[in-house]
Amino acid sequence: KCLDVFVSCVVNACDLSNKTPNDSEKKKIANTAVSYLPQQLGAAPAISGTSLSLVGSLCDISDLSNRANEKSSKRTIAESAALYAAKTAAEKRATAALLILRDVAFQRDAMRGPAVDCAVAIASGRLPGSHQIEDKALKLVMNVIFSKNDDCADKVVASATKELEFAARYS
């Protein structure tokens, strides 16, 4: 439970940073918190599915990406630069989240399934993320996790099948 609280605080710091791109202090706090996340998750004796879901939510930067990509004549150059810098920092944090999912899938047999499920859900677009992060998640699942070993490949196939069934229910 303590790990869930820590990961939740990291996600909250990142969300606050994404909402206020001009605040360099919040961006610094978010980046520092995310940099500690792999160490804390690696040292934890057990990781819960909730922690992995929270880590996956770091990939939800689509709102910030959309704001940074939209053209606006009302924005100053400084505001546009700050928004672009915030988008870049958020993409780095989301990439770090994908790397955490990869590490958990490789190092923790008991949590391999939930980690792969989260990565596949991001890649499929069911869990929110920008297009760049969805593409990175897809490459992670296809090129890295699937090819690691037979167990990882089986988990990827099972997760992809669940995603297809989920999509079929809602289509």
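1. Ground rules. Because the model is predicted, local features need pLDDT of at least 70 and side-chain atom pairs count only at pLDDT 80 or more, while totals for chains, interfaces and linings use all residues. Residues are numbered from 1 along each chain as its sequence is written, and side-chain values use heavy atoms, with hydrogens and water left out.

2. Helix 1 against helix 2. Helix 1 (residues 2-19) packs with helix 2 (residues 24-43) at an angle of about 150°, and their axes are 8 Å apart. Helices here are DSSP runs (H or I, at least four residues), numbered from the N terminus; axes are lines fitted to C-alpha atoms over the stretch in contact, and angles run from 0 to 180 degrees between N-to-C directions. The pair is therefore roughly antiparallel, a label for angles over 145 degrees. The crossing is left-handed, meaning that the near helix is turned anticlockwise from the far one by less than a right angle.

3. Who touches whom. On the helix 1 side, the contact (heavy atoms within 4.5 Å) includes Leu 3, Phe 6, Val 7 and Val 10. Helix 2 brings, among them, Ile 29, Ala 33, Tyr 36 and Leu 37. The residues of this contact divide into 14 nonpolar, 2 polar and 2 charged, where Ala, Val, Leu, Ile, Met, Phe, Trp, Tyr, Cys and Pro count as nonpolar, Asp, Glu, Lys and Arg as charged, and the others, Gly among them, as polar.

4. Cysteines. The structure holds 0 disulfides, a disulfide being a pair of cysteine sulfur atoms within 2.5 Å. For Cys 2, the nearest cysteine sulfur is that of Cys 9, 11 Å away. Cys 2 is exposed, at 68% relative accessible area; the cut-offs are under 20% for buried, over 50% for exposed and partly exposed in between (1.4 Å probe, protein chains only). Cys 152 is in no disulfide either, with the sulfur of Cys 118 the nearest at 15 Å, and Cys 152 is buried at 0%.

5. Leu 83. This residue sits in helix 5 (residues 77-107) and is buried, with a relative accessible area of 7%. Setting aside neighbours within four places in sequence, Leu 83 is in contact with Pro 21, Leu 64, Arg 67, Ala 68 and Arg 75. Leu 83 and Ala 68 are 15 residues apart in sequence, with 5.6 Å from C-alpha to C-alpha.

6. Ala 160. Look for this one in helix 8 (residues 150-169). Ala 160 is partly exposed, at 32% relative accessibility.

Terms used: Helix = DSSP H or I, 4+ residues; strand = E, 2+ residues; numbered from the N terminus. Parallel < 35°, antiparallel > 145°, perpendicular 65-115°, else oblique.
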